[in-house]
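Here is a short tour of one protein model, written for someone who likes to look at side chains and sheets together. Keep the viewer open and follow along.

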Amino acid sequence: MKTNLDIVLGLQYGDEGKGRITEYLTDKHNYDICARFNGGPNAGHTIIKNDVKYVTHSIPSGIINPDMICYIGPGCVINLEKLKTEIKDLELNGVKNIKNRLLISDRCHVITNENIIEDENHFNSLGTTKQGIGPCYSDKYKRIGKRIKDIEIDSDLKSMIYSKTLLDKVKLLEHLRNKEINILAEGAQSHFLDINSNDYPFVTSCHTTVGSALIGLELPHTMIRDVYGVFKPYVTKVGTGEFRHELKEIEKQLEDLIVEYGMEFGATTGRRRRIGWLDLQSLKEAININGVNKLAICKIDVLVALKCFEVFLSSNKSILFTNYKSLEIVEELENLLSQTINLVSLGPESASLLERK
Ligand code: IMP
Ligand code: MG
C-alpha cells in the first residue's frame, strides 16, 4: 500500500489562505491525517465555516473536520500555554474530540518565556510576531533548547503527546484500516519568509519551502504526490523589510479598500497588512522552487469589489485590469502562468470555493 503526502504551501509572504484551502481539502478530499511541519504560534490561519470563525495557530486546520487525525511534527516549535488556549477556543466553537485526534511530537522544541521576552525586546526592527520563534529556533540549533520530552508537562496535555514518529502512526493506520493513508501537510509562513530567502533578515527562523515538509514530518520524498501552492491576486506582508510593488501613497484609497474588503489584519498580531500588487516573476519562482503542480487562488472577491488592479510582469512592466468578472481574472492569470488554477476561493466562507478541472 502506498501512503500519499500532499503539501499545502504559501507562495508569497503568508496569509494567502493556506488554512482555508487545507480545511477544504481535508473536508472534501480523501485525507486521513492533517499535519503541521514548521513554525509555531506565529502562524494564524482563519477559517469561516457555517458562519463560525475558527483561528488556528499551532494546530493543523484539518482539526475542524470531525474525523481528521492531526499531527504537529518535530519541525514545529510550540508554546504549551497557548496551545491549551487554542484547544479551548476551538472547543468553544464546537470542535469535538480534539483530545483523541491531536498528536504532538515529543521532540517539538518548547518556546520559553525567556524566548518571548528576547523576541519582544530585540527584534522590533524585523517586525516579528513576538511569539519567541527566532530565539526558540536559535536555542534548538545551538543545541541548548528544551523539547517537550525534556520538561514536565501537566496531565491534560500528556495524553496528546506522541512519542513515536508519524511513520509509525501511518503504518498502524494502514494495518488497522487495511487501506492506503493520505496525509495533507499544511505549511506556515510561506515561500518568501523562508530563512534562506533573499529577503533575509526580514524572514522567519525556519524553512518554509517544500523540503521542510519532509524534514519537519520525517517522511520520505517518495510519498509526495501533489504540492498545492496558494496565492492571492495581490500580495500582503506584515512586518518590515523591502516589499516589491507595494502600493504607493497615491494608491492609498485602493489600499484601504483591499484592507477593508480583504480583512487584511494579522490573525496573530492584529497588525494591518501591507499591500502590494501581484509580482508574476516572484510567483513563478515560488512555483518552480517548490515544484507546485496544483494552484489555489484566494480573495478573488476582493478584486471584484475593487474594480481595478495591477499585475507586474517584470520590475517595470505591468498590466492594468479594469472591468472584469472573477473567473476572467483567473483565466488571465492562468494564461500568464501557463498553469491551471485548480481551486478558486470566491469569498471567506468555506463553501465559496470552486474546484476546477
Ligand atoms: P517571526 O516568525 O515571528 O519571527 O516573524 C518574522 C517575520 O515573519 C515577520 O515579518 C512576521 O510578520 C512574519 N510572519 C511570521 N509568521 C507569519 C504568518 O503566519 N503570516 C504572515 N507573516 C508571518
Ligand atoms: Mg496568517
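## A salt bridge to begin with

D27 and K28 form a salt bridge, with their closest N and O atoms 3.2 Å apart. D27 is partly exposed, at a relative accessible area of 30%, whereas K28 counts as exposed at 54%. Please bear in mind that this is a predicted model.

Another pair to look at is E255 with R272, whose side chains meet in a salt bridge at 3.1 Å, N to O. E255 belongs to helix α9 and R272 to the loop between α9 and β13, so this contact ties together parts that are 17 residues apart in sequence. With a relative accessible area of 13%, E255 is buried; R272, at 36%, counts as partly exposed. Elsewhere, salt bridges with shared partners join D15, K232, E264, R273 and K299 into one network.

## The network and its reach

The count of salt bridges comes to 22. One of them joins R273 to D15, the closest N and O atoms being 3.3 Å apart. This pair links distant parts of the chain: R273 sits in the loop between α9 and β13, D15 in the loop between β1 and α1, and 258 residues separate them.

Is R273 buried or exposed? At 6% relative accessibility R273 counts as buried, while D15 is partly exposed with a relative accessible area of 22%.

## The magnesium site

D15 turns up again at the metal. Which residues coordinate the magnesium ion (ligand 2)? They are D15, through OD, and G44, through its O atom, at 2.0 to 2.3 Å. Here too distant parts of the chain are linked: D15 is in the loop between β1 (4-10) and α1 (18-28), and G44 is in the loop between β2 (33-36) and β3 (45-49), 29 residues apart. G44 counts as buried, at 13% relative accessibility.

## The sheet of 10 strands

Now for the strands. An open sheet of 10 strands, with mixed pairing, runs in the order β9-β7-β5-β2-β10-β1-β11-β14-β17-β18. Its edges are β9 (161-162) and β18 (353-355); each has a single partner strand, so one side of each is left without a neighbour in the sheet. Helix α12 (residues 326-337) packs on this sheet and touches β11 (224-231), β14 (294-297), β17 (341-345) and β18, its direction making about 150° with that of β17.

Conventions:
Residues are numbered from 1 along each chain as its sequence is written. Chains are lettered from A and ligands numbered from 1 in the order in which they are written. This is a predicted model: local features need pLDDT of at least 70, side-chain atom pairs count only at pLDDT 80 or more; totals for chains, interfaces and linings use all residues. Side-chain values use heavy atoms; hydrogens and water are left out. Two strands pair if DSSP finds at least two bridges between them. Helices (H or I, at least four residues) and strands (E, at least two) are DSSP runs, numbered from the N terminus. Contact means heavy atoms within 4.5 Å. Axes are lines fitted to C-alpha atoms, for helices over the stretch in contact, and angles run from 0 to 180 degrees between N-to-C directions. Donors are N, O and S atoms within 2.8 Å of the metal (3.2 Å for Na, K and Ca); water is not among the atoms, so sites may look incomplete. Buried means under 20% relative accessible area, exposed over 50%, partly exposed in between (1.4 Å probe, protein chains only). A salt bridge is a side-chain nitrogen of Lys or Arg within 4 Å of a carboxyl oxygen of Asp or Glu.
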